[in-house]
Amino acid sequence: MRAPGLFSDTWQCAAHGTVHPLQPVVPPSVEALGVVVHRAQVPVWMPWPLPVGWLFTGVACAGDDRSGGRATAVACSGPGPLGGPGELLLIAEELGVGLGARYAGIDGPDPGSHLCVDRPPNAKVLAAGRPTPMWQVHGAPADRAVFAGEARGLWLWAIAWPEQSGLLMYDELVLTDLREAGAEVDLLPCGALSPRILS
């Protein structure tokens, strides 16, 4: 990847052209989350309230100082629905950014042919008070469950590890855009940094 310079004022990738760079991931804290929320031009989705026993375990953002955050990823970890540990990554992004596809382990920047929307949705979430259908993304690695849909005119991805943790998506998860959350965010329980958000 090439940084902005004399011939271009954007980040450039030899394979994909203009891209939004992924910013360094820092350990989870209310302050780190606040920085991403402040820069974000897209929603910063989080289950709210968090499922019982779950913690906020990381946040990532793609975009530069000039354009702001064009994609956000929030990681949460806790007890899986069938026992054992579970992890959930929620990504909001503009078309063509590719952060969700990267975490989902699929080719291309968007779900595209991996998404079959001519069938009823596999799950629904409540995103900022609106029922939001989510379809299972096919072709992802077998160790995770991947869902994608559209909220506020942007891609919304939900990726759960292990695959059985995808059962969380069938409980009508309530998502809040943290850009609109109040002071209760200061009480957010934080855990150790999720290795999933680093990969």
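Predicted model: local features only at pLDDT ≥ 70, side-chain atom pairs only at ≥ 80, totals over all residues.
**The chain overall**
- The protein chain has two helices and 11 strands.
- Reading from the N terminus, the elements go β-β-α-β-β-β-β-α-β-β-β-β-β.
- The chain is 199 residues long, and 46% of them count as buried.
- If you take contacts with a separation of 6 or more, 60% are between residues 24 or more positions apart.
- The accessible surface is about 9,600 Å², and carbon and sulfur atoms make up 57% of it.

**Strand β4 and its partner**
- Strand β4 covers residues 55-62, and seven of its eight residues are buried, so the rest of the structure largely encloses this strand.
- β4 runs antiparallel to strand β5 (residues 71-79), with seven bridges joining the two.
- To find your place in that pairing, look for A60, which sits opposite A73 in β5.

**Around D177**
- D177 belongs to strand β11, residues 174-177.
- Setting aside neighbours within four places in sequence, D177 touches P43, V44, W45 and R152.
- With V44, the D177 side chain reaches the backbone nitrogen at 3.0 Å.
- With R152, the link is side chain to side chain: a salt bridge at 2.9 Å, N to O.
- That pair ties together distant parts of the chain, since R152 is in the loop between β9 (145-151) and β10 (154-161) while D177 is in β11, 25 residues apart.

**Other salt bridges**
- As background, side chains of opposite charge can pair when their charged atoms come close.
- Searching the whole structure turns up six salt bridges.
- One of them joins R196 and E87, with the closest N and O atoms 3.9 Å apart.
- This is another link between distant parts of the chain: R196 is in the segment after β11 and E87 is in strand β6 (residues 85-93), 109 residues apart.
- R196 is partly exposed, with a relative accessible area of 29%, but E87 is buried at 16%.
- Another salt bridge pairs D143 with R144, and here the closest N and O atoms are 2.9 Å apart.
- D143 is partly exposed at 36% relative accessible area, while R144 counts as buried at 17%.

Definitions and conventions. Residues numbered from 1 in each chain as written. Heavy atoms only, no water. Buried < 20%, exposed > 50% of the residue type's maximum accessible area, 1.4 Å probe, protein only. Helix = DSSP H or I, 4+ residues; strand = E, 2+ residues; numbered from the N terminus. Pairing = 2+ DSSP bridges. Contact = heavy atoms within 4.5 Å. Areas by Shrake-Rupley, 256 points an atom, 1.4 Å probe, with all protein chains shown as cover. Polar contact = N/O pair within 3.5 Å; in protein donor to acceptor, adjacent residues only side chain to side chain. Salt bridge = Lys/Arg side-chain N within 4 Å of Asp/Glu carboxyl O.
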